[in-house]
Amino acid sequence: MILAVAVGAFYLWRDLHLGAMKNVPLPDIIVEDIEIEREVNGKTWIIISPRAEHKEGVIYGSSVDITIKDPNGRDTHIYADKSTFTRENNDITLTNGDGTMTEKGKTYEMQSGFVEYDAKGEIWNFSQGVVLNSENMTISGDAGRYETLSGDCYITNGGTVTWTN
């Protein structure tokens, strides 16, 4: 009897502490109407998708809605047709990304055909066209990069900047 209680207590403790286990192996699975909240580099990421599939360490999502809450006051919201999320390194790819970032009362908008997020460097890479908007400026080009830590934004392979009054 004591052994059965001890085994039951162990499994209950393990289930309650799954968040503390970094690389818990997940079986291949398909989930509908999923919401995931995860801390990445000190920021809270909330990912919502009507359908997600976990296969070989990668989560594939469709109609993905991502909210990133930074404790420094920068809030980002991104919608994408499709995405991948690699559990091992927290990297993300997005297809047809459309997003906004709000910081210090200013809003910036982004659209890109393909977006890759490098979690380790906190760098967003844009390809297949990118358009970045602020209240009086639009920057567009074939590809670009936004470095979250420095706030630097680059358009590569040439681009166009339009200012309005």
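Tutor: Start with the rings: Trp 45, Tyr 117 and Trp 124 form one aromatic cluster. Keep in mind that this is a predicted model, where local features need pLDDT of at least 70 and side-chain atom pairs count only at pLDDT 80 or more, while totals for chains, interfaces and linings use all residues. Residues are numbered from 1 along each chain as its sequence is written, and side-chain values use heavy atoms, leaving out hydrogens and water.

Student: How do I read an aromatic pair?
Tutor: You describe a pair of aromatic rings by the distance of the centres and the angle of the planes. Rings of Phe, Tyr and Trp (its six-membered ring) pair if their centres lie within 6.5 Å; planes under 30 degrees apart are stacked, over 60 edge-to-face, and the rest tilted. This structure holds three aromatic pairs. Trp 45 and Trp 124 make a stacked one, at 6.1 Å centre to centre with 15 degrees between the planes.

Student: Which parts does the pair of Trp 45 and Trp 124 tie together?
Tutor: Trp 45 sits in strand β2 (residues 43-55) and Trp 124 in strand β7 (residues 123-133), so the pair links parts 79 residues apart in sequence. Helices (H or I, at least four residues) and strands (E, at least two) are DSSP runs, numbered from the N terminus.

Student: And why is the pair of Tyr 117 and Trp 124 called tilted?
Tutor: Their ring centres are 4.4 Å apart and their planes at 45 degrees, so the pair counts as tilted.

Student: Is Trp 45 buried or exposed?
Tutor: Buried means under 20% relative accessible area, exposed over 50%, and partly exposed in between (1.4 Å probe, protein chains only). Trp 45 is buried, with 4%. Tyr 117 is buried with 4%, and Trp 124 is buried at 9%.

Student: How many bridges join β4 to β5?
Tutor: Two strands pair if DSSP finds at least two bridges between them. Here nine bridges join strand β4 (residues 75-86) to strand β5 (residues 92-103), and the two run antiparallel. They form a hairpin with five residues between them, and Asn 90 in the turn has a positive phi of about 65 degrees. β5 also pairs with strand β6 (residues 106-118), antiparallel over eleven bridges.

Student: What does Ser 83 touch?
Tutor: Contact means heavy atoms within 4.5 Å. Not counting residues up to four places away in sequence, Ser 83 touches Ile 59, Tyr 60, Gly 61, Val 64, Thr 93 and Leu 94. Ser 83 lies in strand β4 and is buried, at 11% relative accessibility.
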